[in-house]
Amino acid sequence: MSDTVSALPQRTLVDQATVLPDPGAVRPTVNSPNARAIFSAIKVALEIPDGAAADTFAPQGRDLTKQLRKYLPLSYRQSFAFIKPRTSLAVIDDTYHCLMRCPPDPHPPAPPTVIGWGEALAFAMRQPRLAEALGLIVSLEVPLDAAPRLEHGGWLWVELAPASDYFVQAATPGFLRAFATRVPELPVADERAVFTPVVFPVSDDAAAAATLGNFDKVFVEALRFDDGFSKIVHARQPLSADILDEEGNGAPIGRDEGVQLGWDDEDILEGQNRAMGAPPDGEDPVLAPRGVFGYRVDVRPEGGAGWTSLSKVMAPLKVGVDLGTALEERWSEAVPTEHSQQIWLPSWFVNWRGGSLVVSTTDEQRLMNVPPGRPQTMIPVEADDVELRYGRRYEFRVRLADTTGGGPATDSAPGRIGEAPIAPLHMKRHRAPSIVDIDTVTPGPHGTVPSVRVWRPRLGYPEAVFAAGSAVRAALLAQIAASDAGLPTDAEAPTVHDPDTAFLQIRVLVRPPKFDPQADADGFVEWYRTTRAFPVVSTQPLDLALAWQDAADYREIDISGQLGADGTIAGPVNLITARDFRLELRALGHNDLSYFGSPDARVGRLQVIDFHAVATEIAESGILRPLPPSDMLRSVYLRPDPIGAKAALRAVLAQNEPSPALLGRLAAALDLMADGPMLMGRIGDRVVFGCAHLTHHAAPDASSIEFADPAELARQWINAVQVVLDRDWTWRGAGSPTLTITRTVTLPDAAGAPIESAGVGTIELMNSINVQAAKNPERSFTRMIFIDALPPRLGSGQIPIRNGGHVPGPDALRRGRRCHSVDRHPSPDRHAAGAGAEGRGGGDCAHGLWPRHRIRGYRRAHQTPVDRVRRAAGRPARCLVRQTAEHHGRSHAAAGHGTGRRPAGGRRHSA
């Protein structure tokens with residue numbers, strides 16, 4: 001023993017020598033009576049071969065080509081006033097992250113594994129009672145002189161006494177090496193624990209000590225940790241599936257790994273580098289083995305008085321000799337790993353999911369879906385006294401264990417102040433709920449569904465324990481036992497209903513026509529959002545009621561009852577017939593960010609249900625908006641401007657120069673827009689066209705018409721039939737309805753003239769909109785316009801001839817059949833739509849009387865047979881259109897000017 005603390009330990013500076021054990025004692029020598037039997041049992045159990053093959057001890061020298069490196073995680077840097085790494089082997093950039101994402105270099109084939117005495121002794125040293133029974137660890141009491149020995153600190157080491165069996169061999173170079181522990185100040189009046197974090201080589205004299213190198217950093221380590229407590233402890237939770245992600249920008253977390261803990265990152269890095277390889281930054285490779293063998297983690301609730309060890313076990317010991325069962329404290333170790341010929345310490349040293357950190361029980365292995373290994377004989381003690389639960393706050397500290405398993409006890413307190421000796425952690429839930437379960441949805445005859453049964457999502461281990469407590473372990477293990485009893489193909493992962501999902505979030509969407517800019521990627525727009533509370537008992541389902549209504553415009557339905565704070569809304573969810581609806585269902589947790597790690601963590605994964613219910617016949621009987629007669633039928637006669645001969649033919653279109661003016665006047669008369677040779681609806685109007693007897697090209701969705709030769713518009717009657725579909729754009733009650741136009745021509749002033757009746761064309765309402773309609777749209781109606789050209793009898797001046805004040809011409813345009821196609825959703829009865837009224841025509845004629853035009857009702861009881869359509873259930877249906885009107889009138893309106901009437905759609909239509 002040496003009282004000199006200012007120099008390295010030297011045999012020339014010994015102040016007290018004591019022979020241990022005391023020769024006068026009952027047992028004068030260190031004796032391990034069971035050592036031979038235990039060594040023999042270990043040899044048999046591990047199948048250690050005889051001879052040189054069993055010599056698997058590691059070389060005592062260090063490999064100066066090896067260096068450990070370590071990434072300093074954000075939790076470490078934020079736990080104290082970090083400025084920069086102490087050593088170049090500690091990094092804070094992406095070096096480690098990039099390396100872990102790269103596939104490792106292939107390793108050469110490993111030689112056959114031989115378990116020898118090196119591995120056997122390493123195993124024994126990790127079980128202190130076994131090491132004591134083998135004589136590897138000896139407990140000694142060292143008496144001090146009466147003088148105030150070691151009051152200011154000193155050195156303590158052991159040497160072989162001259163009477164020792166191996167004293168003679170000790171003189172052989174390399175046979176024996178002595179190391180000393182630095183003893184801190186030991187005041188006479190006080191007691192304190194002594195811990196050896198690092199040992200120093202003992203020299204024969206000062207000259208030999210001077211050749212050992214620079215021990216400045218080793219002295220700092222010896223002083224810093226001589227109380228046996230870590231000085232910088234940091235904790236965090238994984239934020240995403242990438243365990244190295246520290247910002248939460250990675251993929252959603254797949255399984256909650258609990259708490260990640262680290263401590264003394266740079267101290268451990270420097271100490272392990274000094275022990276195994278080259279020191280960093282060109283420092284002297286001094287010989288100073290670490291005395292720290294492992295680490296014991298303690299936990300307590302925030303502000304708690306006492307600490308709970310996560311390393312205590314009841315350990316039976318029977319290796320050749322039954323040494324009984326004893327309460328022990330094991331430890332965790334900071335073990336480096338090799339990746340692509342680089343050696344790195346892990347970012348965090350342990351993961352705590354609750355329970356013990358040193359024992360993985362068979363139940364925990366089954367819950368984690370890990371194949372059980374050998375039956376575990378150790379039983380954790382007190383590890384479940386502190387449950388790891390979401391929403392709670394914890395504190396962690398770390399105690400050091402030396403090579404004998406010694407170290408400060410759980411009820412000890414640190415003797416030196418560290419930068420961050422206690423790591424606080426607020427345990428939050430970062431994993432979002434899973435998808436809700438729903439029972440099979442079976443629509444009724446008309447597609448309506450009265451309710452949907454919804455169950456909370458399932459939650460597995462360990463999140464179920466974090467949310468509901470350790471009591472759910474029994475339920476999870478029971479499911480595993482049931483799976484074990486059944487077929488392997490029927491086995492399922494054990495789960496419980498997620499107790500954190502208090503509400504069901506419901507997002508109601510409706511499908512607009514294709515190419516609607518408001519639609520999402522799946523073609524839907526949101527109508528409203530609402531929530532419903534799950535039953536308090538997590539195993540009970542929620543029966544979500546659905547209320548179906550008929551409406552011309554779904555936006556006119558009052559949904560105020562669906563809006564409000566979570567948990568305050570009840571009753572059915574409003575839905576509208578004759579539309580494609582989608583319900584997006586998500587489980588939802590309380591809006592409590594002291595429990596959930598982020599707003600996204602409380603919102604579950606998406607469950608989708610699509611609906612289409614058939615509207616009633618009464619609701620669909622009035623799908624056409626009533627219009628003034630002048631808006632239902634307009635007849636226009638146009639004359640070209642007298643500006644000369646026909647222009648030369650062009651490569652694409654042949655037309656008179658004034659022809660675009662003709663199209664503009666026609667567009668003005670029909671409340672449309674003209675763009676060159678193209679006729680289209682005004683901005684915001686959804687218009688569908690049909691055309692006959694004019695050379696034209698229609699857009700694929702019939703939203704515009706391009707005339708190949710606009711000159712054809714001159715010198716003939718342009719008859720435009722219009723109906724307005726009194727439904728918003730999401731209406732899909734008739735699938736893809738079609739208007740069939742029939743023209744009937746009579747000459748009432750020509751006796752004996754035959755009545756000519758023929759079908760002239762159709763208009764199909766496509767489920768799409770164009771760019772024009774999508775700009776500042778008026779979504780409550782759709783215009784359907786059919787343009788038909790009819791050459792009149794002309795007199796002098798190329799104007800319709802007069803005959804006693806009447807002009808023979810088209811007597812009637814019969815608004816006809818409306819056919820329906822059945823899509824994949826149930827559809828309502830399809831109606832033959834009709835509208836009847838006479839309209840006024842405006843054109844470029846100075847004098848003359850206009851022909852009478854009549855749009856008759858589609859049929860009466862004595863007319864042609866009723867169109868039959870097939871319902872979703874396969875039954876034929878009859879439907880009548882009982883809308884008819886007649887108008888007679890004369891007009892001398894100039895071309896391009898009108899009456900200023902507005903149709904029901906709200907747009908101005910000129911005639």
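Phe 167 is partly exposed, with a relative accessible area of 36%. In this predicted model, Phe 167 sits in the loop that connects β3 (154-156) and β4 (179-183). A nonpolar patch on the surface is formed by Leu 160, Tyr 166, Phe 167, Val 168, Phe 175 and Leu 176, which together have about 590 Å² of accessible area.

The loop between β3 and β4 also holds Glu 159. The salt bridge of Glu 159 is with Arg 11, and their closest N and O atoms are 2.6 Å apart. Because Arg 11 belongs to the segment before α1 (35-46), this pair ties together parts that are 148 residues apart in sequence. Both partners are partly exposed: Glu 159 has a relative accessibility of 40%, and Arg 11 has a relative accessible area of 33%.

The structure holds 50 salt bridges. Side chains of opposite charge can pair when their charged atoms come close. Another example joins Arg 149 to Asp 145, at 2.9 Å from N to O. Here Arg 149 counts as buried, at 16% relative accessibility, whereas Asp 145 counts as partly exposed, at 34%. Asp 484 and Arg 366 form a further salt bridge, with 3.1 Å between the closest N and O atoms. This pair links distant parts of the chain, since Asp 484 lies in helix α11 (residues 472-485) and Arg 366 in helix α9 (residues 362-367), 118 residues apart. Asp 484 is partly exposed, with a relative accessible area of 49%, and Arg 366 is partly exposed at 31%.

The interior may be considered next. In soluble globular proteins, nonpolar side chains tend to be buried together. The largest nonpolar core comprises 54 residues, of which Val 259, Leu 261, Trp 263, Tyr 295, Val 297, Trp 352 and Phe 396 touch the most other members. Beyond its neighbours within four places in sequence, Val 259 is in contact with residues including Val 350, Trp 352, Leu 388, Phe 396 and Met 427. Another core, of 28 residues, lies apart from it and has Tyr 528, Leu 542, Leu 546 and Val 573 among its members.

Strand β35 (residues 738-745) is largely enclosed by the rest of the structure, because eight of its eight residues are buried. Thr 738, Thr 740, Thr 742 and Thr 744 are buried on one side, and Leu 739, Ile 741, Arg 743 and Val 745 on the other. Strand β36 (residues 756-764) runs antiparallel to β35 and is joined to it by eight bridges. Within this pairing, Thr 744 stands opposite Ser 757 of β36.

Terms used:
Residues numbered from 1 in each chain as written. Predicted model: local features only at pLDDT ≥ 70, side-chain atom pairs only at ≥ 80, totals over all residues. Heavy atoms only, no water. Buried < 20%, exposed > 50% of the residue type's maximum accessible area, 1.4 Å probe, protein only. Helix = DSSP H or I, 4+ residues; strand = E, 2+ residues; numbered from the N terminus. Pairing = 2+ DSSP bridges. Patch = residues over 30% accessible without salt bridge, like charges linked within 9 Å, V, L, I, M, F, W, Y side chains within 5 Å. Areas by Shrake-Rupley, 256 points an atom, 1.4 Å probe, with all protein chains shown as cover. Salt bridge = Lys/Arg side-chain N within 4 Å of Asp/Glu carboxyl O. Core = buried A, V, L, I, M, F, W, Y, C linked by side-chain atoms within 4.5 Å. Contact = heavy atoms within 4.5 Å.
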